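Q: I'd like to learn how to read packing features in a model like this one. Could you walk me through a few?

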Amino acid sequence: MTVRPRVSSKASIGKFPMVGNHRCLDFVNTELIEQGRRVDRLQAFADLVGWLEQAQVLSAAQAKQILRRWGQTSKGAGALAEARAFRRVLREMAEGIVHDKRPSTSVLNKINALLRHRTADVALVRTRHGFERRVSFQPRDPIHLLVPVAESASDLLCHGDLALIHKCENPHCILYFYDATKNHGRRWCSMSVCGNRMKVAAHYRRRRRAAPRTR
């Protein structure tokens, strides 16, 4: 079963790269390489909330409410620390899968620990064709903010084709993605960034090899 993208193209426009084609991989990609150095874009609780909004986990109204409630508190700081720790776990998972290793028990335990914090409001609503049960995400504690990311990791492991999880082929890039292209030939986190860079580099290497040597 192929995992469908969890984030629309509209959500790709923002502070965070949304190139992973799966929410948990996009979360791993909040740490990236910029100008040759490793950069963590989750520097504050507000960054975590901003990522959740860009990933369409939270609405703009929810994001504002959460920042007012926990933005300057120890609970918010604790949630940021938990988020970074969970990101390390998910990076370990992605790196292992790329190298044909099954996720470790410690990875599964961390995902399960967060899944136990699931919280949602369920309502039965009338529709044109009958009735529908609608579930809305309602975080009541900062730790609940990580539950959708854990659910994404669970979905990926249960229903995804793990052979389609790749690291960008740019050796200087640390971003991961789920290859949902029709022919499964995706090689780069982004064709407009790493893809072009690597093509240009290959072009110059070919020209250098073809150039006549002078004595």
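This is a predicted model: local features need pLDDT of at least 70, side-chain atom pairs count only at pLDDT 80 or more; totals for chains, interfaces and linings use all residues.

Q: Let's begin with aromatic rings. How is a pair of them described?
A: You give the distance between the centres and the angle between the planes. Here the count comes to one aromatic pair. The partners are Phe-27 and Trp-51, with 5.0 Å centre to centre and 65 degrees between the planes. An angle over 60 degrees counts as edge-to-face, so that is the label for Phe-27 and Trp-51.

Q: Which parts does that pair tie together?
A: Phe-27 belongs to helix α1 (residues 23-28) and Trp-51 to helix α2 (residues 45-54), so the pair links parts that are 24 residues apart in sequence.

Q: Are Phe-27 and Trp-51 buried or exposed?
A: Both Phe-27 and Trp-51 are buried.

Q: Then how about the core? Which residues touch the most other members of the largest one?
A: In the largest nonpolar core, which has 43 residues, Phe-27 and Leu-90 do. Elements giving two or more residues to this core include α1, α2, α3 (60-70) and β6 (176-178). The most comes from α4, with nine residues. Apart from this core lies another, of seven residues, among them Leu-32, Cys-168, Trp-188 and Cys-189.

Q: What does Phe-27 touch, leaving out residues up to four places away in sequence?
A: Its contacts include Leu-42, Leu-48, Trp-51, Ala-83, Leu-90 and Val-149. Arg-87 is on that list too.

Q: Where does a charge sit over a ring?
A: Look at Arg-186: its charged end sits over the ring of Phe-177, 4.0 Å from the ring centre.

Q: On to strands. In which sense do β1 and β2 pair?
A: Strand β1 (residues 31-34) and strand β2 (residues 37-40) are antiparallel, over four bridges. To find your way along them, take Ile-33, whose bridge partner in β2 is Arg-38.

Conventions: Residues are numbered from 1 along each chain as its sequence is written. Side-chain values use heavy atoms; hydrogens and water are left out. Rings of Phe, Tyr and Trp (its six-membered ring) pair if their centres lie within 6.5 Å; planes under 30 degrees apart count as stacked, over 60 as edge-to-face and the rest as tilted. Buried means under 20% relative accessible area, exposed over 50%, partly exposed in between (1.4 Å probe, protein chains only). A charge sits over a ring if NZ of Lys or CZ of Arg is within 6 Å of the ring centre and within 35 degrees of the ring normal. Two strands pair if DSSP finds at least two bridges between them. A nonpolar core is a set of buried Ala, Val, Leu, Ile, Met, Phe, Trp, Tyr and Cys residues joined through side-chain atoms within 4.5 Å. Contact means heavy atoms within 4.5 Å.
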